[in-house]
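The entries below follow the order in which I looked them up.

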Amino acid sequence: MNICIFVGARPNFIKVAPLIRTIGKARENGRDVKCELVFAGESGDDTLEPTLFDALQIPRPDVCLGVTCNNLNELTGQVMAHFEHYLQQHPADVVVVVDDLASTMAAAIVTKKQGITLAHIAAGTRSFDISMPKEINRLVIDGLSDLLFTAGISNNSIANKEGAELSKVYMVGNILIDNIRANQAMFRKPEVLTNKGIGDRQYIVFTLNRKALMADEANLKAMLRAMMEAADGTPVIAPLRQSALQAVIGTGECDSPTFIATEPMPYLEFSYLIAHAKGIVTDSGNVAEEATFDNVPCITLNSYTEHIETVKQGSNILVGEDPEKLSEAVGRMVANDWKQCSIPDRWDGRTAERILQILLEQHR
């Protein structure tokens, strides 16, 4: 069985790594299965730190399509052209895609046009806001997929309500958790904690990625002020990319010795930072999922989450873009006054095993 695993950006590598490792083990045990890893971008992509693949215990991509443009429609077209050529030269029994990027949608369309089985990891996630480009991508990818692998029962329900056959939808669990369980012993303490003399559970992690949040300078200023005042001297560690850092600096609200901005961290260091925090303030769904597994209080700067289990069972709460709600939540975080949490069903580190077993069964 030939499996093509397609990734569009750095977070996708983290989510497919467990499947690549599981396929490798299956081959070692004599199973007739192999995979090729295809990346939409360039091999020298500066978001891919040199240690990433070693940390994830996977090889570098077999093929890099070299698409780098910023315009989403242009990117979609280029990925479709390049990926179609790849599939014509490298026959596959199934193409596995993950999440909801424009490049992922492009790969999904090409896969179906080539008559190849399409499998989607992290299927059934919705914001129910059709004005978001990623929402359109999700609808298209799920609509085309032959196999929908979901992280939770709520995602199953969404897929079924939208017409997916029950036989196509599998609740396999959260593949992101497979990496945490596999790599916990290798997590590395970031130097910033040692250099600043900051111990475990003595700091808050802050991450910022959403362009909409960064674009509204007045509200971002109010939210940062609310966070820092409520933190009441608790150090805030902020691994930020340049665009986010400039947006934060521009507000003038983080000119404080307790706000510690750093470069984006390597995977194993960032995972340590999340797992040992007092709390987290983020706009990232992936970070909220990690926080739920690590049982670390998490505040998400959004009005929705693709994985409602992180709110219903886990350590996550939603405050939208409301400074008052953020202030109240950070105050409770600092005071160690947080809700009771549990780990959602099938977040057990065996998601990749379930996915491969289903792929093999479907290929008989």
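This is a predicted model: local features need pLDDT of at least 70, side-chain atom pairs count only at pLDDT 80 or more; totals for chains, interfaces and linings use all residues.

Entry 1. I noted a volume of about 70 Å³ for the largest cavity.

Entry 2. I counted 2 cavities of 30 Å³ or more in the structure. For the second largest cavity I recorded about 40 Å³. I then asked which residues line the second largest cavity. They are F206, L213, L220, M223, L224, M227, L301 and L326. By class I found 8 nonpolar residues there, with no polar and no charged ones. Helix 10 (residues 217–231) supplies the largest share of this lining, namely 4 residues.

Entry 3. I turned to the packing of helix 1 (residues 10–28) and helix 7 (residues 175–183). How do the axes of these two helices cross? I found that they come within 7 Å and cross at roughly 70 degrees. Helix 1 and helix 7 are therefore roughly perpendicular, since angles of 65 to 115 degrees count as such.

Entry 4. I listed the residues in this contact: I14, K15, A17, P18, L19 and R21 of helix 1 meet I175, L176, D178, N179 and A182 of helix 7. By class, the contact divides into 7 nonpolar, 1 polar and 3 charged residues.

Technical notes: Residues are numbered from 1 along each chain as its sequence is written. Side-chain values use heavy atoms; hydrogens and water are left out. On a 1 Å grid over the protein atoms alone, a cavity is a set of points where a 1.4 Å probe fits but cannot get out, and a pocket is an open set with protein on both sides within 12 Å along at least five of seven lines; lining residues have an atom within 4 Å of a point. Grid points are joined across faces, edges and corners, and a volume is the space filled by probe spheres set on the points. Ala, Val, Leu, Ile, Met, Phe, Trp, Tyr, Cys and Pro count as nonpolar, Asp, Glu, Lys and Arg as charged, and the others, Gly among them, as polar. Axes are lines fitted to C-alpha atoms, for helices over the stretch in contact, and angles run from 0 to 180 degrees between N-to-C directions. Angles under 35 degrees count as roughly parallel, over 145 as roughly antiparallel, 65 to 115 as roughly perpendicular and the rest as oblique. Contact means heavy atoms within 4.5 Å.
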